[in-house]
Amino acid sequence: MWNSIPDGGPERLVALADGVFAIALTLLVLDFSVPPDLPSHEYTDALRELLPNLAAYALSVLVLGAFWRENRRILGYVRQVDGQLIGLSILGLGVAALLPFPTKLLAEYGREPESVAVYAATVAALGAADLAVVLLLARRPWLRGPAGPPEGFRLYVLDLAVTVVVFVASVPLALVYGPAAMWLWAAMAPIKVVIGRRSQKAR
């Protein structure tokens with residue numbers, strides 16, 4: 001087991017996380033373009049061709065927004081960082097910065113099973129990194145602030161675990177059933193709503 005040596009407060013890590021998520025959100029829109037000087041009928045077709053990009057963009061904005069919120073909440077419990085906490089956080093931020101690539105795959109090749117599987121694997125990795133940070137904080141109370149984790153800490157871990165399990169499970173399903181596997185992501189929503197309400201009551 002590596003030694004945990006506190007290395008200052010979380011302020012720089014919070015600033016880095018905010019910057020990474022902001023850049024990732026910005027990169028999502030770089031592929032939106034319409035050729036200039038198109039006649040009316042071609043212009044309409046060009047707009048129609050952007051619809052898959054818009055759908056993938058909306059999905060990834062929701063994903064990145066949710067994970068940014070979770071990241072801010074997690075780091076809000078941190079009083080001191082150590083090497084492992086920094087490493088796990090940077091790993092998660094690296095995955096967040098990667099999300100525009102599977103988003104593009106989903107937009108341009110959404111009917112291909114591999115595109116759905118790559119997107120699901122990326123989101124699962126992002127959730128796993130956050131979950132690893134939370135579990136590390138649970139095992140190292142000296143890194144947490146005086147308030148510590150909320151009373152509903154187990155529900156909070158469960159919420160992240162649901163995300164990881166659902167997206168991991170959708171990887172093989174995507175390879176077999178293709179885009180239909182994305183319905184599993186939607187089925188996750190009511191579960192997370194119930195967990196969120198119980199977590200609010202536990203605080």
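Biologist: In which helix does Asp 159 lie, and what makes Asp 159 count as buried?

Modeller: Asp 159 lies in helix H7 of what is a predicted model. Its relative accessible area is 12%, and buried means under 20%, so Asp 159 is buried.

Biologist: Which residues does Asp 159 touch, not counting those up to four places away in sequence?

Modeller: Asp 159 touches Glu 70, Lys 192 and Ile 195.

Biologist: Leu 25 lies in helix H1. Why is Leu 25 called partly exposed?

Modeller: Leu 25 has a relative accessible area of 33%.

Biologist: What is Leu 25 in contact with, leaving aside neighbours within four places in sequence?

Modeller: Leu 25 is in contact with Val 61 and Leu 64. Arg 48 is 23 residues from Leu 25 along the chain, and the C-alpha atoms of the two are separated by 22 Å.

Biologist: How do you know whether Phe 67 is buried or exposed?

Modeller: Phe 67, in helix H3, has 7% relative accessibility. The limit for buried is under 20%, so Phe 67 counts as buried.

Biologist: Which residues does Phe 67 touch beyond four places in sequence?

Modeller: Phe 67 touches Phe 21, Val 123, Leu 126, Gly 127, Asp 130 and Thr 163.

Biologist: Which way do H3 and H6 run relative to each other, and how do you know?

Modeller: The axes of H3 and H6 cross at roughly 10 degrees and come within 11 Å. Angles under 35 degrees count as roughly parallel, which makes H3 roughly parallel to H6.

Biologist: Which residues of H3 and H6 meet?

Modeller: From H3 they are Leu 59, Ser 60, Val 63, Phe 67, Glu 70, Asn 71 and Ile 74; from H6 they are Tyr 119, Val 123, Leu 126, Gly 127, Asp 130, Val 133, Val 134 and Leu 137. By class, this contact has 10 nonpolar, three polar and two charged residues.

Biologist: Why are H4 and H6 called roughly antiparallel?

Modeller: H4 and H6 pack at an angle of about 160 degrees, and their axes are 9 Å apart. An angle over 145 counts as roughly antiparallel, and H4 and H6 are therefore roughly antiparallel to each other. Their crossing is left-handed.

Biologist: How many residues of each class are in the contact of H4 with H6?

Modeller: There are 11 nonpolar, four polar and no charged residues. Among those in H4 are Leu 85, Leu 88 and Gly 92, and those in H6 include Ala 125, Ala 129 and Leu 136.

Biologist: What makes H2 roughly parallel to H3?

Modeller: The axes of helix H2 (residues 40-49) and H3 cross at roughly 30 degrees and come within 4 Å. With under 35 degrees as the limit for roughly parallel, H2 is roughly parallel to H3. The contact is made by Leu 47, Arg 48 and Glu 49 of H2 and Leu 51, Pro 52 and Asn 53 of H3. By class it has three nonpolar, one polar and two charged residues.

Biologist: Which residues of the largest nonpolar core touch the most other members?

Modeller: Leu 64, Tyr 119, Val 123, Phe 167 and Trp 185 do, in a core of 30 residues. The helices that each supply at least two residues of this core include H1 (11-27), H3 (51-75) and H7 (153-177). H6 gives the largest share, seven residues.

Biologist: What is Tyr 119 in contact with, leaving aside neighbours within four places in sequence?

Modeller: Tyr 119 is in contact with Leu 59, Ser 60, Val 63, Leu 99, Pro 102, Thr 103, Leu 106 and Trp 185. A second, separate core has 17 residues, including Ile 74, Val 78, Val 134 and Leu 137.

Biologist: How many helices and strands does the protein chain have?

Modeller: The chain has eight helices and zero strands. Of its 203 residues, 38% count as buried. Its C-alpha trace spans about 65 × 35 × 30 Å along the principal axes.

Methods:
Residues numbered from 1 in each chain as written. Predicted model: local features only at pLDDT ≥ 70, side-chain atom pairs only at ≥ 80, totals over all residues. Heavy atoms only, no water. Core = buried A, V, L, I, M, F, W, Y, C linked by side-chain atoms within 4.5 Å. Buried < 20%, exposed > 50% of the residue type's maximum accessible area, 1.4 Å probe, protein only. Contact = heavy atoms within 4.5 Å. Axes fitted to C-alpha atoms, helices over the stretch in contact; angles between N-to-C directions. Parallel < 35°, antiparallel > 145°, perpendicular 65-115°, else oblique. Left-handed = near helix turned anticlockwise from the far one by under 90°. Nonpolar A, V, L, I, M, F, W, Y, C, P; charged D, E, K, R; others polar.
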